[in-house]
Amino acid sequence: MRAARTLDRPATGAPRPAAPEGLPLTAAQSGMWFAQALDPGSPALNTAECIEIHGEVDPVRFAEALHRTVGEADALRVRLVAPAEGESGPRQLPIAIEPPGQGFPLHTADLRGERAPDATARAWMRADLTVPFDLATGPLFAHALFHVGDRRWLWYQRVHHAVMDGYGYSLIARRVAEVYTALAAGTAPGPSPFGRLAALVAEDAAYRDSATHERDRAHWEDRFRDRPAVPTLAGRSALPSLPHGLNGMGGTPIALRHSAHLGPEATERLRELATSVRATWPDVLFAAQALYLARATRSEDVVLGLPMMGRMGSVALRVPGMVMNVLPLRFTVTPDSTFAELTRQADLGIRDARRHRRYRYADIRRDLGLLGEGRALVGPLVNVMPFDYGLTFAGARSDAYNLSAGPVDDLTVNIYDRADGTGLHIDYDANPALYESAEVATHQERFLDLLTRIADSDPHQPLTALSPGTEEERERVLVEFNDTAVPVPPTTLIGPIEARAARRPGATALVAGEVTLTYGELNARANRLARHLAALGVRPGALAAVAVPRSVDLVVALLAVLKAGGAYLPLDPGYPAERLADMLGDAAPVCVLTDTATRPSLPDTELPVLTLDDPALRAELAAHLPTDPGRPLTPQHPAYVIYTSGSTGRPKGVVVPHSAIDNRLRWAQGQYGLTPDDRVLQKTPSGFDVSVWEFFWPLRVGATLVLAEPGAHQDPAALARTIREQGVTTAHFVPSMLRLFLDEPSAAHCTGLRRVLCSGEVLPRQAAEAFHRTLPGVPLHNLYGPTEAAVDVTHHACAPGEDGPVPIGRPVWNTRLYVLDPDRRPCPPGIPGELYVAGAQLATGYLGRPDLTAERFVRDPFAEAAGRPGERMYRTGDLARWRQDGALEYLGRTDHQVKLRGLRVELGEVEAALAADPHVAAACATVREDRPGDRRLVAHVTPASADAAAEAGPAPTRGPAPLDPDALRARLATRLPDHMVPSALVVLDAFPLTPNGKLDRAALPAPSAAARPGGRPPRGPREETLARLFAEALGLPRVGVDDGFFDLGGDSLLAARLVARIRATLGVDLALGALFRAPTPASLADLLHGDGGEGALGAVLPLRRTGDRTPLFVLPPAVGLSWCYSGLLEGLSPDQPVYGLQARGLNPGETLPATMEELAQDWLARVREIQPHGPYRLLGWSVGGVAAHTLAVLLQEAGEKVELLAVMDAYPADQWRETPTPGEADALAALLRMAVDDRPDGQAGPDGPEGEPLTRERVTARLRAEGSALAALDDDTLAAVLDVVVNNVTLMRTHRHRVFDGDVLFFTAAAPRAEHWLSRDAWRPYVTGSLINRDIDCLHPQMTRPGPIAEVAEAVAGYLGEG
Amino acid sequence: MALTLDQIRADVADVLGEDPADIPDDENLVDYGLDSVRIMTLVERWRRDHGTEVTFVDLAEQPAIEQWAPLLGVRA
């Protein structure tokens, strides 16, 4: 209905040839035009407002007033057309506007009969707002007039932002009111007040040619030369303002709006405050928003967007059009400054901006090079509209409401002053791609609360008095979230164990391999040693060092120290001797407990050393009483001292009192309820505090402690075995280790687990999900805590199917957690701050370090305010934020923020973006300086598991999903500003870990540490496979056969991972230690040789000997070698043995077979040696496919069953018979194709440059360059291979097929090929059953490349029903 | 009470938080920090105290004291 006829060209007389029609756009208009052109169907550039008229309106007269006004506003009566060829930009052309009723875009409706007239009108408006304008057609405005009640009307107008801004609306509304009033009074309206569009355009052009323009440019460039990364409330800094519809949301995001109201009293007090500091009330609002933003983002440097009317001293004052601009308004918010100072910054900043107001925001960004990076220069926009229209329509007063202020990149705070004295109307408009609705509401609520508190406070007080959250939020985070008080008896770590031993002495306390100890036995042994220790001086307050590997003796030693009343100091014998010596010197224990094996790795010491397995000591101990010794021990005495390294400085000993760890263990029992039939795995080294609960929790509650073998804590297979065989119900994993464990196939069989606890580092959601998939129904708990607060202070039960980061959860018993801003005020939910811990579990402090203790354990002001003075809180240095539900999210370290080339980079943010990628499991971002002066952002990532990849789409292979660093970078670049996209991405199989199982950042390999290309080629398929697996484990593109695993950045955990992969792939029994003895692919292949059987040229190539399934025999292609099938191993079950058959004639003295029949007979004998009777499984590619068919027929004729005949793109002899027999050049080409094309990166074809014949020399050189195993063949063998090729293709051409009785699983190389005449149907006469075809999207020579061969393996497994 | 040039200058200096001596008659007051809120303050103040009839647009269009004087009935 609102379509208006438009004139394509103005009615002119004689055509004027040169001058283009209409006018160019102003810079302001151009910005909006381009924004729309990027997404033509988007309604995001619609602006709209609604005026409520309280009185009687004559709709006909109103339409007339509207039509007249539009007729006067030539800036409104345009359409905007794209530049024609040769023109510099879009142009605006005038359009004609029809009168009301004849096409004028005005919708009129009487809604008084509706049940809810206002709601109906609003719904209509909302729907209308989603209708995009067609800029090239126009008109670019639409009106509606609703009669919604007696003496109540709503006038709605929607205008495209390219032709209208907020001030323009006021001009139009004022004129309509004026004309309407005049018409109603029967008088002539005054002359048009409007200026002309042409004047606006001319002024804009003049400005751009002026010296002022240049001066303004220089000003802004200077002001923002440092290109600040601007914080936003969305927590994603400077997200590119993507064209709407391209921002991943789909659809058309119209800003999310929340409206609120600041009451008249508070508003009035803000005005008074403004006057008192000689500022305007908008200055106060800017300062308040800057303060809020700084607090909410933990930034001192914030930039607001300042929308400028842009009309002062300009003809634009009278033009209803698009003029407004946005300018950056920068604040420095330091804690010791005052609100008055902040207001002054706003005032001065706005004055400063106003002097350079005409320079466009987009041009500033362009000048600073931010456009290309997609970076914003401003955070939230604060749009203050100081005037109410105060219009009357023939005496009827009115109120104006903005409905849409145009597109919102991040967040816009629109503030309207209500002239009727009702205070301020405050709309929050947010980009729905960045903000949840509830989040916007919370920010708005807090901002209003902050305004109220500012209004009530002295503006000359330091800003520290103003916290970002509301009083209600403060109460919630301090009290409600910390409501953890539970009375516990004042016991020690050891007391409950002795009580348990006295009550049930016969119960099983400890299992270590074959050894089992009852509570009575364990207690007696510990008591004897305790009495001995007491005699040496171990007593309450004294320390005894324990350097014993995981063993019964270790448990006895720890209990004995505690029983004597002392505190134990664990020493990890794996640490450097110097560090151990430092620890002994620092802690000054009474004595050192160790064993014979460990003694040599300890530093020399003057202290008494007790060697627990020394027969003399054992004899001495036997003389002591086995009863519990007495000791004057209180809960305040230290129970253990554990050294932590910390990020800087020398290691420090954390002294933990009995009361702290007792609380931790009582909470755990209350939370998880171990029973006497529970069995807890002890695998954490004693130097890591998780071990404390592993050792003592089960013994305190009558459960059984199961010791993993020494060293087993890094061997997933060994752990899984122990868990299964010992019936372990409770185990702990550091998340990195959990991932390795879950990759271990036998982990899924650990179904006896009743709970798994994780702590020590961030638990990635994908790891938690992988856990739930592998061990469904087993509860997984995420815990967090520093050593300084008795192991753990938070806990969270993970539920399957949740998304977002896994929280660290809620506080444990008698523990308070505070998330504090830099002024140590509580942060409300959602706002990051530093985590502090207070309550029962705090350590006493650092041993002998009162300075450091005072620095990290500070006065708890919240306890003091609650009437409990003297309590302390521990400053963790960790960044966290509360969720609304009272769970905490861990965000990284407070020192995790770095500056790179002057830009602030929050590494956690980079890591979060990486981890959000579906192909990435975990990520770590660091700033490295691998070459002096070359600081760059580097990310290390591990690929998502096959399961996770399978969720995203069909996975081509088992094992880790392919992760292409270049593609990942490209995806990242769409999510992060350029300076936050890592310049190098390193894909790792697993992250290097410290002895405690935490990520070892220092050990991350440098991105340049890629293996040297070249070097010796592999000598056979096994070396080739090993080199590939090494590369995969290390995250390197290629590893040479003589490259050392540990030289390339491998560590023990990576080694565990690699060994597991080698075991599964090659079916060999390989101990973890083997990799340390033989750390290169070549040496490892040698080591395996005894197990790996014959050489690479033998008649049978055992690709995998192990497994209890029926063996699969694979028959070679023309070259006669079955090396190419090694890629099948990874796709088939580890239980599937695979044997490659190889051609006769490769070794000296062997003769070539004369017929295919003879060849097959040969292989029949080999097959029978390995598997005397059927059913048989056969597979062959190319010539091997023909041979497989032949062999299958022979087997059937011998009365055997053949359950699988798989033929990979081979065609019967009939189809080849007429083609010429290949010569040596063809054989060479075939050889090259097999070697080169089956490499993943073998993009280049095998053929030489046009016209150059292939020679043996060139082929050998090429093979060597490609790192192919074939290149290692000596000249004689290469000659033999070529003879085999020529012979094989000849045999194939002369063969006469017989009939195979059964089905054939056929694989077609489905990419178009030259030999289009080849057809699998040619097999029909030779097969009684079906030809079950599967197309593989590749060429014939590519069929054993990793992707295709994996598809083949999958199909074979599926066919056999053993997938 | 009739408005004078000195009074105009004093009122402008007041809303800008400046010394009247620093406010020139012939320069664009926007460069001195004049904005729409302050112009409205002046419009209201002069209407209340001196009965003038100028509008926001009148003052904002040419924001300099010498341009305002005739609009406010003051001889420059």
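Start at A:Asp1209: it has 25 C-beta neighbours inside 10 Å, so it counts as buried. Buried means 20 or more other C-beta atoms within 10 Å of the residue's own, with C-beta atoms placed from the backbone; 12 or fewer is exposed, and anything in between is partly exposed. This is a predicted model, where local features need pLDDT of at least 70, side-chain atom pairs count only at pLDDT 80 or more, and totals for chains, interfaces and linings use all residues. Residues are numbered from 1 along each chain as its sequence is written, while chains are lettered from A and ligands numbered from 1 in the order in which they are written.

Stay on A:Asp1209 and check its backbone. Phi is near 50 degrees, a positive value in a residue other than glycine. Most residues other than glycine have a negative phi, and most peptide bonds are trans. A:Asp1209 sits in the loop between strand S46 (1202–1208) and helix H35 (1213–1216) of chain A. Helices (H or I, at least four residues) and strands (E, at least two) are DSSP runs, numbered from the N terminus.

Next, select A:Ser1182. Its phi is positive, about 65 degrees, and it is not a glycine. A:Ser1182 counts as buried, because it has 28 C-beta neighbours inside 10 Å. Find it in the loop between S45 and helix H34 (1183–1197) of chain A.

Now step to A:Pro1175, in the loop between helix H33 (1156–1170) and strand S45 (1176–1181) of chain A. The peptide bond from A:Gly1174 to A:Pro1175 is cis, omega near 5 degrees.

Last stop: A:Pro139. Look in the loop between helix H3 (117–129) and strand S6 (141–149) of chain A. The bond to select runs from A:Gly138 to A:Pro139; this peptide bond is cis, with omega near -5 degrees.
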